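The text takes one part at a time.

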Amino acid sequence: MPTSAASESFRTLRTALSLTHPDAHQLVITSAEPGDGKTTVLANLAVCYAQGEKRTLLIDADLRRPGLTNLMNMRGPRGLSEVLRSEEDVAQMAAAHIRPSGVKGLDILPSGPRPTDPAELLGSPRFSQLLAWAETAYDLILVDSPPTLATTDTAIIGRLVDGVILVVQPAKNRRRLVTQVVDRLGLMKIPLLGLVVNRSGSDE
């Protein structure tokens, strides 16, 4: 759990998002580079939403380097990649693979086994079907994706959700790289809902 000061910061972020983007219920969290702390920010923000009585689903869509799945110690045969690879009903598969987090109101869909074709899986109709189902079962869906400059995965996911939150570390990220991310999202008409400044290190 975050410290009291950190908890207040995440409550402030939750409030800011609710006020400025009240209709944004599906968000993807990304960063410019690995190691910027996006997964830690994502997990703490999700806890904050759940504590605010929002039924929340965390999806680890970083199928290449699943930091959230590792953070929550949920590695195993069940997860997003299996839901996307299956031909069974998406809702039934999702319900079978989603796991409780231990925090009331917060569930997690881990990454599942690492696939050889992550971008193709995320770009498949089943992923958009999964998000559509999740919106009927949860108040908020938060998606973890790989660093934006490393893969096309965030762009694929960003087209399906309401917007992107970009985590940056000013002491680590060069301004040019952050600008590249913002420009890339803009060119693809993917809404950037905000920047989260993260000054602490994180193992993703």
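This is a predicted model: local features need pLDDT of at least 70, side-chain atom pairs count only at pLDDT 80 or more; totals for chains, interfaces and linings use all residues.

Strands β1 and β5 pair in the parallel sense, with 4 bridges between them. In this pairing, valine 28 stands opposite valine 143 in β5.

Buried means a relative accessible area under 20%.

These pairings belong to a wider arrangement. An open sheet is formed by 7 strands, in the order β3-β4-β2-β5-β1-β6-β7, and its pairing is mixed. At the edges are β3 (99-100) and β7 (192-197), each of which pairs on one side only. The one partner of β7 can be read from the order, and the bridges give the detail: 5 of them join β6 (residues 163-168) to β7, and the two strands run parallel. Within this pair, valine 168 is the bridge partner of valine 197 in β7.

Next come the helices. Helix α7, residues 125-137, lies across β1 (26-31), β2 (56-60), β4 (106-109) and β5, and runs at about 145° to β5.

How many aromatic pairs does a search of the whole structure find? The search finds 1. The pair consists of tryptophan 133 and tyrosine 138, with 6.3 Å from centre to centre and 75° between the planes, and is edge-to-face. Tyrosine 138 counts as buried because its relative accessibility is 7%, and the limit for buried is 20%.

Helix α2 covers residues 38-51. From the first C-alpha to the last, its 14 residues reach 20 Å, close to the 20 Å expected at 1.5 Å a residue. Is α2 largely enclosed by the rest of the structure or largely exposed? Of its 14 residues, 12 are buried, so α2 is largely enclosed by the rest of the structure. Among the buried residues are Lys38, Val41, Leu45, Cys48 and Tyr49. Glutamate 53 follows α2 and has a positive phi, near 65°.

Histidine 97 lies in helix α5, which covers residues 90-97. Is histidine 97 buried or exposed? Histidine 97 is buried, because its relative accessible area is 6%. Leaving aside neighbours within four places in sequence, histidine 97 is in contact with Arg78, Gly79, Glu82, Val83, Ile108, Leu109 and Pro110. For one of these residues there is more detail: a polar atom of the histidine 97 side chain lies 2.8 Å from the backbone nitrogen of glycine 79.

The last stop is a loop. Leucine 149 is placed between β5 (140-144) and α8 (153-158), in the loop that joins them. Its relative accessibility is 24%, so leucine 149 counts as partly exposed. Beyond its neighbours within four places in sequence, leucine 149 is in contact with Ala32, Leu177, Gln180, Val181 and Arg184. By contrast, aspartate 23 is 27 Å from leucine 149 in space, C-alpha to C-alpha, and 126 residues away in sequence.

Technical notes:
Residues are numbered from 1 along each chain as its sequence is written. Side-chain values use heavy atoms; hydrogens and water are left out. Rings of Phe, Tyr and Trp (its six-membered ring) pair if their centres lie within 6.5 Å; planes under 30 degrees apart count as stacked, over 60 as edge-to-face and the rest as tilted. Buried means under 20% relative accessible area, exposed over 50%, partly exposed in between (1.4 Å probe, protein chains only). A polar contact is a pair of N or O atoms within 3.5 Å; within protein, one must be able to donate a hydrogen and the other to accept it, and residues adjacent in sequence count only if both atoms are side-chain atoms. Contact means heavy atoms within 4.5 Å. The expected span of a helix is 1.5 Å times one less than its number of residues. Two strands pair if DSSP finds at least two bridges between them. Axes are lines fitted to C-alpha atoms, for helices over the stretch in contact, and angles run from 0 to 180 degrees between N-to-C directions.
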